[in-house]
Amino acid sequence: MDPMLWLTYVGVITALIAFPGPVALLCTSQGLRHGRRRALFTIAGGIVAALVMMSLSAMGLGAVLATSETAFTLLKYLGAAYLVYLGVQAWRAPPEPPVVATQETRDAMPVSVWRLFRRGFTVGISNPKDLLFFAALFPGFIDLGAPQAPQFALLALTWLVIDGGLMTLYSSLGERLGRWLGTRRRVRRFNRLTGGLFVVAGGSLAGAN
């Protein structure tokens, strides 16, 4: 793969992933509620979703999604509904100050890793930024005149490293917020802020053309 093309790819996806969106917000929230280590399952869900879209794009199905208004709209509304659902759940969450100051107390919390993974995957697979990138831009980074499997492996590994690293930073930020959220009042404000942001994200996604 041409080094300059790869560097361009790195720059594009770094900006795309780093820009705060529904996945970053989710990872921050999960980092606060469950700790950075458990938030890795949410991050993994988002990465798997991206790899699924990347694979579909490489097989040419991304172009089908890009040209099928019905399929794209359906996926968009499903993603919007799920973001609104997460917002309502966050808004209604009990305003209890975090009791996860140590790793031992986090490990004692009854949370399903499958649930954490599923949330990351569901939000990731309906992320409009990633949908548009993989449908319209990703194929341009593959040289059709060279073996495609090594190129795809390099592009996928690059995405995994950058996406995993940046989302881990967001979850670490959420974990650190737990030190500040020591009262019910602050927790209630955080719950309503994150809940409102999820609802706004869902509404924006539903209203996007």
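This is a predicted model: local features need pLDDT of at least 70, side-chain atom pairs count only at pLDDT 80 or more; totals for chains, interfaces and linings use all residues.
Residues are numbered from 1 along each chain as its sequence is written, and side-chain values use heavy atoms, without hydrogens and water.

The protein chain contains nine helices and zero strands, in the order α-α-α-α-α-α-α-α-α from the N terminus; helices (H or I, at least four residues) and strands (E, at least two) are DSSP runs. Of its 209 residues, 41% are buried, with buried meaning under 20% relative accessible area, exposed over 50% and partly exposed in between (1.4 Å probe, protein chains only). Of the contacts (heavy atoms within 4.5 Å) between residues at least 6 apart in sequence, 89% link residues at least 24 apart.

The accessible surface of the protein chain is about 11100 Å², and carbon and sulfur atoms account for 69% of that area (Shrake-Rupley method, 1.4 Å probe; for residues, only the protein chains shown count as cover). Val 48, Val 52, Leu 56 and Met 59 form a nonpolar surface patch of about 310 Å². Patch residues have over 30% relative accessible area and no salt bridge, and nonpolar side chains (Val, Leu, Ile, Met, Phe, Trp, Tyr) are joined within 5 Å, like charges within 9 Å. A salt bridge places a side-chain nitrogen of Lys or Arg within 4 Å of a carboxyl oxygen of Asp or Glu.

Apart from neighbours within four places in sequence, Gln 30 contacts Gly 35, Ala 39, Thr 42, Leu 116 and Arg 119.
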